[in-house]
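Subject: A structure for you to look at

Hello,

Here is the structure I promised to pass on. Please open it next to this email, and then read on for what turned up in it.

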Amino acid sequence: MIQQLKMSLAMKNEWIKEGDGFIIVYSITSEDSFQQVSKFRDLVVKIKDKTRIPIYINLYMYARVLTGSKCDLTEARQVSIERGSELAKEWDCAFYESSAKEKINVEIIFQECIREIRRICKNEIEKSQKIETICCNIL
Ligand SMILES: Nc1nc2c(ncn2[C@@H]2O[C@H](COP(=O)(O)OP(=O)(O)OP(=O)(O)O)[C@@H](O)[C@H]2O)c(=O)[nH]1
Ligand SMILES: [Mg+2]
């Protein structure tokens with residue numbers, strides 16, 4: 001049992017290491033899930049920071065989109081939209097509430113994540129080109 005847990009944690013770490021973007025989802029009907037997203041985000045930061053390449057990759061070299069799912073279940077809501085929005089502000093990332101059932105904001109979450117990945121890649125290429133230029137000047 002413990003081994004299984006370790007295995008899955010190792011796999012999770014591997015997925016995070018490889019990931020370019022993360023859609024971090026909690027349910028607006030579950031306070032517990034809202035508490036869990038911060039733990040997941042901390043793990044992402046820890047792993048990404050450990051594996052970053054100096055100069056080229058900074059802490060925010062991966063896209064993040066915070067999502068409060070099941071937003072159609074208004075009567076069962078435990079997490080307000082303001083709390084989700086505040087957390088996203090703290091993380092400096094996009095935020096949406098979504099509903100798979102009512103097809104609200106499902107596509108845009110993925111589009112936003114991809115757009116952010118592209119933006120980061122473009123910035124990093126430009127940054128690395130600038131560094132190359134500086135190196136040429138020094139030579
Ligand atoms: N009303 C509503 N129900 C949903 C929504 N998304 C999933 N569900 C329901 O939640 C239950 C779990 O479905 P999953 O596909 O596992 O969805 P999930 O987002 O992983 O949700 P949890 O497993 O409950 O954390 C099912 O009964 C789904 O019908 C949603 O957007 N609105
Ligand atoms: Mg599920």
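Predicted model: local features only at pLDDT ≥ 70, side-chain atom pairs only at ≥ 80, totals over all residues.

Strands themselves are DSSP runs of E with at least two residues, helices are runs of H or I with at least four residues, and both are numbered from the N terminus.

Residues are numbered from 1 along each chain as its sequence is written, while chains are lettered from A and ligands numbered from 1 in the order in which they are written.

How confident is the predictor? pLDDT is its confidence in each residue, from 0 to 100. The protein chain has a mean pLDDT of 83, with 78% of its residues at 70 or more. Residues 53-60 have pLDDT below 50, and this stretch has 7 contacts in the model beyond near neighbours in sequence. A contact means that the C-beta atoms of two residues, placed from the backbone, lie within 7 Å.

Now the whole chain. It has 4 helices and 3 strands, which follow one another as α-β-α-β-α-β-α from the N terminus. Taking contacts between residues at least 6 apart in sequence, 71% join residues at least 24 apart. Of the 139 residues, 15% are buried. Buried means 20 or more other C-beta atoms within 10 Å of a residue's own, exposed means 12 or fewer, and partly exposed is in between, with C-beta atoms placed from the backbone.

Next, have a look at β2 (63-69). It is largely enclosed by the rest of the structure, because 7 of its 7 residues are buried. A63, V65, T67 and S69 point one way from this strand, while R64, L66 and G68 point the other way.

Which residues surround ligand 1? They are S27, S69, K70, D72, L73, S99, A100 and K101, where near means a C-beta atom, placed from the backbone, within 6 Å. This shell has 2 nonpolar, 3 polar and 3 charged residues (Ala, Val, Leu, Ile, Met, Phe, Trp, Tyr, Cys and Pro count as nonpolar, Asp, Glu, Lys and Arg as charged, and the others, Gly among them, as polar).

Finally, two backbone details. K70 is not a glycine, yet it has a positive phi of about 60 degrees; it is found in the loop between β2 and α3 (81-91). K70 counts as buried because it has 22 C-beta neighbours inside 10 Å. D92, also not a glycine, has a positive phi of about 55 degrees and lies in the loop between α3 and β3 (94-97). With 8 C-beta neighbours inside 10 Å, D92 counts as exposed.

Enjoy exploring!

Notes: pLDDT = per-residue confidence, 0-100.
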